[in-house]
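Here is a short briefing on one protein model and its ligand. Please keep the structure open as you read.

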Amino acid sequence: MRRTLRQALQALLAVTLVGAAAAGHAEDKKIVLGFAQVGAESAWRTANTVSVKSAAKDAGITLKFSDAQQKQENQIKAIRSYIAQKVDVIAFSPVVESGWEPVLEEAKRAHIPVVLTDRMIDAKDPSLYVTMIGSDFLEEGRRGGRWLEEHYKDDKGPINIVELQGTVGSAPANDRHAGLMEIIKNDPKFKVIASQSGDFTLAGGKQVMEAFAKTYGKQINVVYAHNDDMALGAIQAMEEAGMKPGKDVTVVSFDATKGGLQAAAAGKINVDVECSPLLGPQLMDTVKKIVAGEQVPHRIVTNETVFPMNVAAQVLPTRKY
Ligand code: AHR
């Protein structure tokens, strides 16, 4: 009987020691995060990449990083490789909104949680991702539209808008367009006379604006550019065509990067709607919570504002991107 008791105590001690060692191991084990970035199309994106990489380092998270060069098939390949490597969490900024269900179902079957950053997807099943961290692009578009309404409130019009759209099918391009239309639809003096994608790049913005300037010339009252890189390209094109951006053509832009705010301070962008790329720290906190089994909200919206040209110079000295 005494022997049985001793054996039982020994067995209990062994189980406790193994348990303690396992817990210690779990604490020591570094979290591995696979991050599939869109590309390097803009100053915003470069700042976003820096934010993700440095926040991972600060948080002690092992980061596997890939750049999809703005191609959905490259992002899908990267996500599949993270699934094969059995990373703890996958995060990605989806280049376009549609077409993600098959790969996200694969991640779900492998029990790997997925976090969306920056851009949303249009999947019907919300359980395909744990959370989405990023801006409200629709609201950004409304902000641009409301600023235009206020700016032209005493003008009878017509106000002809040319739109430089971001990447076709991407959430910011879809939503910044929809937000503008929602605001101006009830005021017939505003007319979008042309709309074309410049793929969020400076070269794309310049090329599209050159064509708009040739076709519409002095009819253009407003350039509505979906990001600063395209706005900066459009400014170059307008100046080369003898137009005065910020004066005889009103320029509305998005992101409020240093380059955008410099152009605003120089009087060439009339309003820059903020979109923050500094999502790294929030992403790493969220990843840690998910791995620890804590609940996180299904949507985490970034706080942002609007910078009209008269405040741009004050903001510049503290601008991080
Ligand atoms: O998804 C965010 C957008 O993508 C930014 O506005 C743009 O600059 C970037 O390329």
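How many nonpolar, polar and charged residues does the lining of the largest cavity have? The lining has 5 nonpolar, 2 polar and 6 charged residues. This is a predicted model.

**The cavity**

- The structure holds 1 cavity of 30 Å³ or more.
- The volume of the largest cavity is about 90 Å³.
- The lining of the largest cavity is made of 13 residues, and those closest to the centre are Trp44, Arg45, Arg119, Phe200 and Asp255.
- Two helices, α2 (43-59) and α6 (171-184), each give at least two residues to this lining.
- Domain 1 (31-135 + 277-303) and domain 2 (137-275) both contribute lining residues, so the largest cavity lies between them.

**The ligand**

- Around the ligand are Glu41, Ser42, Trp44, Arg45, Asp118, Arg119, Phe137, Pro172, Arg176, Phe200, Asn227 and Asp255.
- Among these, Trp44, Arg45, Arg119, Phe200 and Asp255 are also the residues closest to the centre of the largest cavity.
- The side chain of Ser42 places an N or O atom 2.9 Å from an oxygen atom of the ligand.
- Arg176 has a polar side-chain atom 2.9 Å from a ligand oxygen atom.
- Asn227 likewise has a polar side-chain atom 2.9 Å from an oxygen atom of the ligand.
- On its own, the ligand has 280 Å² of accessible area, and the protein covers 100% of that.

**Backbone details**

- Which residues does a cis peptide bond join? The bond runs between Gly157 and Pro158, with omega at about 0°.
- Pro158 sits in the loop between α5 (137-151) and β6 (159-165).
- Gln69 is not a glycine, yet its phi is positive, near 50°.
- Gln69 is found in the loop between β2 (62-67) and α3 (72-84).

**To take away**

- The largest cavity lies between domain 1 and domain 2.
- Ser42, Arg176 and Asn227 each bring a side-chain atom to 2.9 Å from a ligand oxygen atom.

Notes:
Residues numbered from 1 in each chain as written. Predicted model: local features only at pLDDT ≥ 70, side-chain atom pairs only at ≥ 80, totals over all residues. Heavy atoms only, no water. 1 Å grid on protein atoms, 1.4 Å probe; cavity = no way out; pocket = protein on both sides within 12 Å on 5 of 7 lines; lining within 4 Å. Points joined across faces, edges and corners; volume = space filled by probe spheres on them. Helix = DSSP H or I, 4+ residues; strand = E, 2+ residues; numbered from the N terminus. Nonpolar A, V, L, I, M, F, W, Y, C, P; charged D, E, K, R; others polar. Domains from an automatic or database assignment. Near = heavy atom within 4 Å. Polar contact = N/O pair within 3.5 Å; in protein donor to acceptor, adjacent residues only side chain to side chain. Areas by Shrake-Rupley, 256 points an atom, 1.4 Å probe, with all protein chains shown as cover.
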